[in-house]
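Work through the exercises below with the model open beside you, and try each task before you read its solution.

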Amino acid sequence: MASSDRWERRTRAWALVLAGLTLLVSGLAAVVLIRTGRPVAATWGLALLPALGVYAWQTGKIRRRHAVLAQPFPAEWEAVLQRDVVFFRILPPEAKLRFRRQVQIFLAEKQISGIKIQLDTTTRVLAAASAIIPVFGFPDWEWDQISEVLVYPNRFDGDFQFGDTHEQNILGMVGTGGLNRLMILSKPDLLTGFRNATDKRNVGIHEFAHLVDKSDGVIDGVPGVGLDRRAVGPWMDLMRRKMAEIEAGKSDINRYALTNDAEFFAVTSEYFFERPGAMQQKHPQLYAALERVFNQDLKTRVAALRRELTRPRKKFGRNSPCPCGSGLKFKKCCRR
C-alpha cells in the first residue's frame with residue numbers, strides 16, 4: 001500500500017528489467033528475421049513493441065495510484081476518521097496527510113464487500129483504517145496478502161454462517177486455503193472496536209496484525225518484520241512469561257491470547273495500539289518488543305492519546321461545522 005517515491009522507483013526499475021529482457025528476446029528474433037530479408041526499420045520497430053508493452057503493464061499501478069491521489073480526499077471519509085479513529089486524530093498534520101493517502105489507495109485497490117448488508121462509508125473507511133494502523137511505520141508496505149474484505153452483518157461460526165445462535169461467536173478471521181487473500185469481519189464488532197477506544201480490543205487491527213505476522217509466509221506469532229533471528233528466542237520467552245501471567249490471573253491482557261502464539265501476537269497488538277501508555281507502564285518489555293515489530297514509537301503520542309480517550313466521542317449536530325473542514329454545516333456536507 002505504499003505511495004512513496006522509493007516504491008515508485010523500485011517499481012519502475014523492475015519494469016525496466018523486465019522490459020529489457022523482453023527486448024533482448026524480441027531483438028534476437030528481429031536479427032534472425034532481418035537476415036532472411038525482412039525490412040530492417042519495420043522489423044526493429046515491431047521488436048520494440050513487446051518491451052514497451054511490458055513496461056506499460058508493469059508501471060500501470062503507478063499511473064492508477066497517481067490518478068487516485070489526484071482526487072480530493074472525500075469529506076465524508078474525513079468525517080469518519082475525525083469521529084471514530086483516535087489514532088488518526090492524534091497524528092501530526094504531515095502524518096495525517098500520509099494516512100489519508102493510504103486510505104485512498106487501500107479503498108481503490110482492495111475490494112470491501114458487504115454480505116447480506118448494504119455497505120456504508122463508515123464501514124469501508126474503518127476497514128481501511130484497520131489495515132493502515134498496524135503498518136503505518138512502514139511507508140513502503142504493500143498489502144499483497146489480501147485482495148478483499150468481506151463484511152458480515154454480525155458474528156459467525158466456523159462454517160461462515162451468521163445469525164443469533166451462541167455458536168456464532170467469531171468476530172473476524174483471515175482466510176486460508178480456498179479463502180486465501182480474503183478477510184472476514186463482523187460489522188458491529190468492527191465499529192465497536194473503533195468507537196470504544198479504551199477496552200484494548202479492535203477486531204480490525206487484530207486481523208490485520210495476523211497478516212503482519214504472515215509477512216514471512218506463516219501465521220505463527222513470530223512476525224517477519226521487526227524481529228531478526230537473534231530476537232526470535234527472547235520474543236518466544238517473553239510470550240511464554242506473559243502467557244503464564246495471564247493463566248495465573250495476574251495480567252490485564254485478554255485471555256484469548258492464551259489460544260496460541262498467533263493469537264497472543266494479535267491480541268497484544270490490539271492492546272499496543274489502543275492503550276500504548278498502559279502497556280508501557282504494565283508490560284514494558286512487551287511494549288518495547290511490539291514497538292520494534294511495528295516500527296512505531298507511540299510513546300511520543302501517549303499524552304495526546306490520553307487526552308483523546310478522556311473526551312466524549314465527538315458528536316456532530318445538524319448545524320455544527322462539519323469536521324471535514326469544508327466550512328459548511330454538517331447537515332449540508334458529510335451528513336448527507
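**Exercise 1.** Sort the lining of the largest pocket by residue class, and then find which residues lie closest to its centre.

*Solution.* Begin with the classes: in this predicted model, the lining holds eight nonpolar residues, eight polar ones and seven charged ones. Next, consider the space itself, which comes to about 540 Å³. Of the 23 residues that line this pocket, those closest to the centre are Leu171, Gly172, Val203, His206 and Tyr256.

**Exercise 2.** Decide whether helix α9 is largely enclosed or open, and explain why.

*Solution.* Recall that a residue is buried when its relative accessible area is under 20%. Going along residues 203-213, you find that eleven of the eleven are buried, and therefore the helix is largely enclosed by the rest of the structure. Among these buried residues are Val203 and His206, which also belong to the residues closest to the centre of the largest pocket. For the protein as a whole, buried residues make up 47% of the 336 residues.

**Exercise 3.** Find the residue that caps the N-terminal end of α9.

*Solution.* Look at Asn202, where a side-chain oxygen lies 3.1 Å from the backbone nitrogen of Gly204, and you will see that Asn202 is the cap.

Methods:
Residues are numbered from 1 along each chain as its sequence is written. This is a predicted model: local features need pLDDT of at least 70, side-chain atom pairs count only at pLDDT 80 or more; totals for chains, interfaces and linings use all residues. Side-chain values use heavy atoms; hydrogens and water are left out. Buried means under 20% relative accessible area, exposed over 50%, partly exposed in between (1.4 Å probe, protein chains only). Helices (H or I, at least four residues) and strands (E, at least two) are DSSP runs, numbered from the N terminus. A polar contact is a pair of N or O atoms within 3.5 Å; within protein, one must be able to donate a hydrogen and the other to accept it, and residues adjacent in sequence count only if both atoms are side-chain atoms. On a 1 Å grid over the protein atoms alone, a cavity is a set of points where a 1.4 Å probe fits but cannot get out, and a pocket is an open set with protein on both sides within 12 Å along at least five of seven lines; lining residues have an atom within 4 Å of a point. Grid points are joined across faces, edges and corners, and a volume is the space filled by probe spheres set on the points. Ala, Val, Leu, Ile, Met, Phe, Trp, Tyr, Cys and Pro count as nonpolar, Asp, Glu, Lys and Arg as charged, and the others, Gly among them, as polar.
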